[in-house]
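Please look over the sequence and the model first, and then follow the points below topic by topic.

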Amino acid sequence: MSIQKFSTIISTAVPLKVQNIDTDQIIPARFLTSVERKGFGENLFRDWRFDSQDNKIASFPLNDPRYSGSILVTGDHFGCGSSREHAAWALYDYGFRVVVSSSFADIFRNNALNVGLLPVKVSETFLARIFTAIYENSGMAQFRVDLESQTFTVLGNGDTEYFNVDSYKKRCLLMGYDDVDYLLSIGDQIEDFEKENE
Amino acid sequence: MKAMTLLDKIWDRHVVRTEDGGRCVLFIDRHYIHEVTSPVAFANLDKRGIPVARPLRTTATADHNVPTTGQELPLDDPKARTQIETLANNCRKHGINYFGMQHPNQGIVHIIGPEQGFTQPGMTIVCGDSHTSTHGAFGAIAFGVGTSEVEMVLASQCLIQEKPKSMRITINGLLNKGVGAKDLILYIISRISTSGGTGHFIEFAGEAVRSLTMDGRMTLCNMAIECGARGGMIAPDETTFEYLRHTANAPADFSHAVEKWRLLNSDPEAVFDREYVFEATDVPVMITYGTNPGMAININGKVPANAPADALAYMGFSSGETLLGKAIDYVFIGSCTNGRIEDFRLLARLVRGRKKAENVTVWLVPGSKKVESLIRQEGLDQILDAAGFSLRQPGCSACLAMNRDKIPQGCYCMSTSNRNFEGRQGPGAKTILAGVPAAAAAALTGNISDPRILFNTIY
């Protein structure tokens, strides 16, 4: 067992209304020099959060006192670019448990699922309504992410959308299992396959 | 029998079992690792007391964080030193073949895999690096993975993956003179967008693709990830076999291997989930103007009216203007996109007898020790040196600026690499992606120049 079990989340959300956010923005390469998985949250969105003198950039949503919570809501095509899992680690380490967008880059989506960060893909119209709820309530709007029923709900008005998640990965997240546990359990089958295909 | 795509043929042969919901346990033939995305995977295995299942299927090198000068000296960057030593130790402990900085096979992981013949048609190949798509040029399913997946492959030689959708991009006819694989892929990304390939594997087909050398095909597949695809692939043919025949790890019974490899192509009736067709003669010399690889235009064109304002603000460009004549501060030639020997042969041919512009710093970073030694053997180093270029040692270098090869804040860099994201080449650096000829032209003139005009007489 090596990921945290994912349970229903009720939280406010941080809006980051930018499309095509690449993993170099999520965590720049110069912060990938560690051999351990810790402390990446400090450098999450480093060059958007801080200027070159390490002063906070007030206009960036993560620095805006109105916005907080374990849900990050972003523009379309989140997580493109490099395969660095450090991007998912940085988001998780910072405190996010859910990222919501109208689409995710493939590698990022897999990485997120593998570390227990839930990527929730919603329709463009629903995404727009989530942003509206955040802005209109100055960041106080609450949302519920229910993995069991695969629903994302704007609690203020009950607006709900169903989201897809692979049934295998859903089980892993709910139980806190990772793929290594499972792959080791079918070791004999893998060995037979390899012999047959030699 | 149902007509199959190349993707189907390779994928289906590697499925160990299928889970409820459709995810497949996929057997991985070849695994490449490097110093940045592997240490946490090894540490987790150690923590769980799990050995590496099949160490002979993994090959390791140090590339992302190595310096590109003084590789023979002790590393003075403590963090890089720790990462590289950790990789060396992990490989020693688990019996994994490791090409460290002093090894003649060291280089960028996507350059050395093909170069050494570890990458072969019909294989499934993964690496904790998105540009693993490069290896698809040999007719393989090759894709980038994260560190958890590196751990899975080390532990079991398998991954649990959704089967991607299939896409075919056909390029009819031959490319115009002076237009290369880099221009072609930038053109394709500009047409289908940086997310156009999401969820898909792209098979590149058509006369323009068939006529590319292996080096060109690798450039094309390398950037398949930049349109969001899981990977790119090209059916193997005589060009592929000829390349592999001379590699160190070519199969012992080569003709038998070729017989099997010849079956690796999409059936004529195969149906793809998506298809695009482009005409090769429509592809110009391309450069980027913005902050993702899809923001690319004809080098003689104008920045589009609908270009995103934040990208233009970052780059210091405006809609409607031409980029020709804009001053360039740095030129970077290298990376897994354009750091192979053909790139340096072309560069030397273009700049022979000329001098770089005074205002430009030119970094040449060979993709591997082998590329570096060929540059010297063929005397290209003398031509490049006389032009005032600085030939450095192999690594990823300024492509992602993890090491000290950073483009200074605010400077423009014409780069043969693959990503022009904000800060990719250093905080505040402004990257313009291009092929080797456009980069060579910028190095000589000090500004953005059409290489077909500058080099008209020699290419």
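- The order β2-β3-β4-β5 (chain A) describes an open sheet of 4 strands with parallel pairing.
- Because β2 (13–16) and β5 (118–121) of chain A stand at the edges with a single partner strand each, one side of each is left without a neighbour in the sheet.
- From one strand to the next the twist averages 20°, with axes being lines fitted to C-alpha atoms and angles running from 0 to 180 degrees between N-to-C directions.

**How to read the model**

- This is a predicted model, in which local features need pLDDT of at least 70 and side-chain atom pairs count only at pLDDT 80 or more, while totals for chains, interfaces and linings use all residues.
- Residues are numbered from 1 along each chain as its sequence is written, and chains are lettered from A and ligands numbered from 1 in the order in which they are written.

**Helix α6 of chain A**

- The buried residues of helix α6 (residues 167–175) of chain A are A:K169, A:C172 and A:L173, a residue being buried if 20 or more other C-beta atoms, placed from the backbone, lie within 10 Å of its own.
- Seen down the axis of α6(A), its buried residues fall within an arc of 95°, so they line one face of the helix; the arc is that of the directions from the helix axis to the C-beta atoms.
- Among the elements that cover the buried residues of α6(A) are α4 (106–115) and β5 of chain A, contact meaning that C-beta atoms placed from the backbone lie within 7 Å.
- Just after α6(A), A:G176 takes a positive phi of about 80°.

**Parallel strands in chain B**

- Strand β15 (residues 330–333) of chain B is joined to strand β16 (residues 361–364) of chain B by 4 bridges, and they run parallel; here B:V331 stands opposite B:V362 in β16(B).
- Strand β16(B) is also joined by 2 bridges to strand β17 (residues 390–391) of chain B, again in parallel, and in β17(B) the bridge partner of B:L364 is B:L391.

Note on methods: Two strands pair if DSSP finds at least two bridges between them. A residue is buried if 20 or more other C-beta atoms lie within 10 Å of its own, exposed if 12 or fewer, and partly exposed in between; C-beta atoms are placed from the backbone. Two residues are in contact if their C-beta atoms, placed from the backbone, lie within 7 Å.
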